[in-house]
Amino acid sequence: MGLHSSKPRRQAQILMLGLDGAGKTTLLYRLKYNESVVTVPTVGFNVEMLDTAKRGAGLTVWDVGGQRKMRPHWQHHYADTACLVFVVDSWDLRRLGETRKELHQVLKCPSLQRVPLVVLANKQDLCGALSPAELSLKLDLRRLCGDRAWFVQPCSAITGTGLEEGFRRVVYLLKTALEQTEEDVKDKFKKLKGKGFAVMTMKPVLRCG
Ligand code: G3D
Ligand code: MG
């Protein structure tokens, strides 16, 4: 398994976005290690590979920093995205307006036009977190998504609840599924590094689904 296997493995690129503090990095490493990790604000991006139930195929998950100053750089990751995962802090009602604005902005981009969307309604372990139905209304997802395939998955990166279901849903929704190989992923990785993006990790990972 991993980047150095002799047979090219097909990869679907999953772009994971969301405001800073939504729980993206915690979630990624909860999936990877099945334990909580202490995170620092992501400057640049993390990249991890997940296996899927489809033999010889995997997901490459790009966890891109969500701080305000990082958001203009999100667009550099749009190319070849097979599914967009947008992580929301369902408990922080004060940032819902900002969340909605950023999500709308991302979905307007022509290169993401037909890309399916999975919203991970994170932090469901906290009392007062919005349910998926409430979140869909607050983010105006039905209108925003139009005929785009989309789904809202409740989860908690702290307990792990709902994460595998969320990524199973990603696999289910993939349209341009699994067309790329690990060589393509390595090329993209090099190009982004060449543009001066900081990368925090790139390691092969776990089984999902
Ligand atoms: P980001 O990568 O989206 O910026 P992080 O977010 O993964 O760095 O998480 C930001 C903070 O939210 C972290 O707390 C993390 O522990 C917390 N967090 C992430 N997911 C959950 C969750 O599902 N439930 C709860 N209760 N907290 C979560 P700190 O205190 O380190 O800032
Ligand atoms: Mg992060």
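## Who surrounds ligand 1

Let's start with the shell around ligand 1: it is made up of 5 nonpolar, 7 polar and 4 charged residues. Keep in mind that this is a predicted model. In total, 16 residues surround the ligand, and the closest of them are Gly21, Lys24, Thr26, Thr39 and Asp125.

Which helix gives the largest share of this shell? That would be helix α1, spanning residues 24-33, which supplies 3 residues.

## Polar contacts with the ligand

The side chain of Thr26 has an N or O atom 2.5 Å from an oxygen atom of ligand 1. Over at Asp125, a polar side-chain atom is 2.7 Å from a nitrogen atom of the ligand.

How much of the ligand does the protein cover? On its own, ligand 1 has 660 Å² of accessible area, and the protein covers 71% of that.

## The pocket it sits in

Ligand 1 sits in the largest pocket, which holds about 340 Å³ of space. The pocket is lined by 20 residues, and Gly21, Ala22, Gly23, Thr26 and Thr39 are the closest to its centre.

Sorted by type, the lining has 6 nonpolar, 10 polar and 4 charged residues. Helix α1 turns up here too: with 3 residues, it gives the largest share of the pocket lining.

How values were computed. Residues numbered from 1 in each chain as written. Chains lettered and ligands numbered in written order. Predicted model: local features only at pLDDT ≥ 70, side-chain atom pairs only at ≥ 80, totals over all residues. Heavy atoms only, no water. Near = heavy atom within 4 Å. Polar contact = N/O pair within 3.5 Å; in protein donor to acceptor, adjacent residues only side chain to side chain. Areas by Shrake-Rupley, 256 points an atom, 1.4 Å probe, with all protein chains shown as cover. 1 Å grid on protein atoms, 1.4 Å probe; cavity = no way out; pocket = protein on both sides within 12 Å on 5 of 7 lines; lining within 4 Å. Sits in = over half its atoms within 2 Å of the grid points. Helix = DSSP H or I, 4+ residues; strand = E, 2+ residues; numbered from the N terminus. Nonpolar A, V, L, I, M, F, W, Y, C, P; charged D, E, K, R; others polar. Points joined across faces, edges and corners; volume = space filled by probe spheres on them.
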